[in-house]
Amino acid sequence: MCYAIPGKVVAIDDKVVTVEYFDEKKKARNDFYADLAVGEYIYAQGGFVVQRIAEEEAANILKTWQELFTKLKEVDLRLTREPKGLYQVANATRQRSLGNSCCIHGIIEFSNYCRSNCLYCGIRKDNVNLKRYRMDVDEIVEACEYAVKELKFKALVLQSGEDLWYSQEKLVDIVEKVMRKCPVLLIVSIGERDSELYKKLYASGARGALVRFETSNPKLYQKYRPGHTLDERLTLIKELREIGYLVFTGFLLGLPGQSEKDILKDIELTQSLKPEMFTFGPLIPHPDTPLKDVPVPPLEAVLNTIARARILHPDSRILVTTALETLDKEEGAQRGFLSGANSLMVNLTPKKYQSLYQIYPERAGTELDTKQKIEKVLQLLTTIGRAPTDLGM
Ligand code: 5AD
Ligand code: SF4
């Protein structure tokens, strides 16, 4: 099993193409291939055409998918029949509005330097106990090439702390090189940088931006992100949308002082920003931060939030975060999917750096090598009947 299914282009209307996956049709935006023609096979991710694929190769991949595709749908349907309780109702809502499509993205964490000092985060500037690392431009491009060409990922998140060592020039260089050598849906997650920089990265081919607003409560925001305001954050997120980025945003669950009402507002704010992906995860205390003694939110609290968000917003993409997987390494991901989530990220950071990107300790997956991780994800998707077809625009 592979984690993206090729689709056939069956219609083109300027930049919008209709793509057929077996009996399903989805739309995708074509920004990168001006000469794309009806009849060609492509990979789409996040509603964008990201790669072309030769007909013969596509036919071979589709052959292996044909039977499995139907089987996965049956499994998903079976699991959503006669829903009982909040999680099952949320899962059935997801099935009715989006079918069994799910997105599997890779994430490469390229620097753990950060100029900010968020009270909850292990890579905050003042944590002097952490060994810092930066991958240079070529190392990042190589890691992306490996992820796309060898591991066959179609969407990659490039994440770091707010590290100004990566100038506009360096970041543009990275995005241009990746898009030239191994086209992919590139999502940047580099924190609060100016909108000019984000515009340049978009022009170079990046199409997604991941920026959480962390909490919808302005007082909590200022307390836990000293020196920053929620307004500044929201302005940036809205600017990213205006530039054209697919926006991935959300919040942290378990900040001290966060009330039930705050969480409902967090869900509402997420939706009002009209993101392409909801990402909210539990705060896991890091021993070298001021929030080291905060209790870990129970798994049920996270599942409950996923389920409520799904029921309130049936068409959203909701991520199973690594923090959720960390809360329950055996079942966290599966339970997230069965409570309404439909996306997952696989950590593809080179092994030697993975344990240093320590926003919180003992992250799920760091004990496995990349191939084992992918195997585990594919096994999970098979068990719960999900298929990595693009969700469309
Ligand atoms: N636990 C869980 N998530 C965290 N983040 C930062 N610190 C923690 C923590 N201790 C999240 C923030 C940030 C993202 C990159 O990581 O929400 O936006
Ligand atoms: Fe830096 Fe982000 Fe961590 Fe805040 S949450 S300290 S901005 S990496």
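Q: Which residue has a backbone N or O atom that lies 2.7 Å from a nitrogen atom of ligand 1?
A: In this predicted model, local features need pLDDT of at least 70, side-chain atom pairs count only at pLDDT 80 or more, and totals for chains, interfaces and linings use all residues. Residues are numbered from 1 along each chain as its sequence is written, chains are lettered from A and ligands numbered from 1 in the order in which they are written, and side-chain values use heavy atoms, with hydrogens and water left out. The backbone N or O atom lying 2.7 Å from a nitrogen atom of ligand 1 belongs to Ile284.

Q: How much of the accessible area of ligand 1 does the protein cover?
A: A nitrogen atom of ligand 1 is 3.4 Å from a backbone N or O atom of Ile359, and an oxygen atom of ligand 1 is 2.6 Å from a side-chain N or O atom of Glu214. Of the 400 Å² of accessible area (Shrake-Rupley method, 1.4 Å probe) that ligand 1 has on its own, the protein covers 88%.

Q: How many nonpolar residues does the shell around ligand 1 have?
A: The residues surrounding ligand 1 (a heavy atom within 4 Å) include Gln159, Arg212, Glu214, Leu252 and Pro282. By class, one residue of this shell is polar and two are charged. The number of nonpolar residues is eight.

Q: Which residues around ligand 2 are charged?
A: The shell around ligand 2 has five nonpolar, two polar and two charged residues. Asp, Glu, Lys and Arg count as charged. Among the residues surrounding ligand 2 are Cys114, Ser116 and Gly161, and also Arg124 and Arg225. The two charged residues are therefore Arg124 and Arg225.

Note on methods. A polar contact is a pair of N or O atoms within 3.5 Å; within protein, one must be able to donate a hydrogen and the other to accept it, and residues adjacent in sequence count only if both atoms are side-chain atoms.
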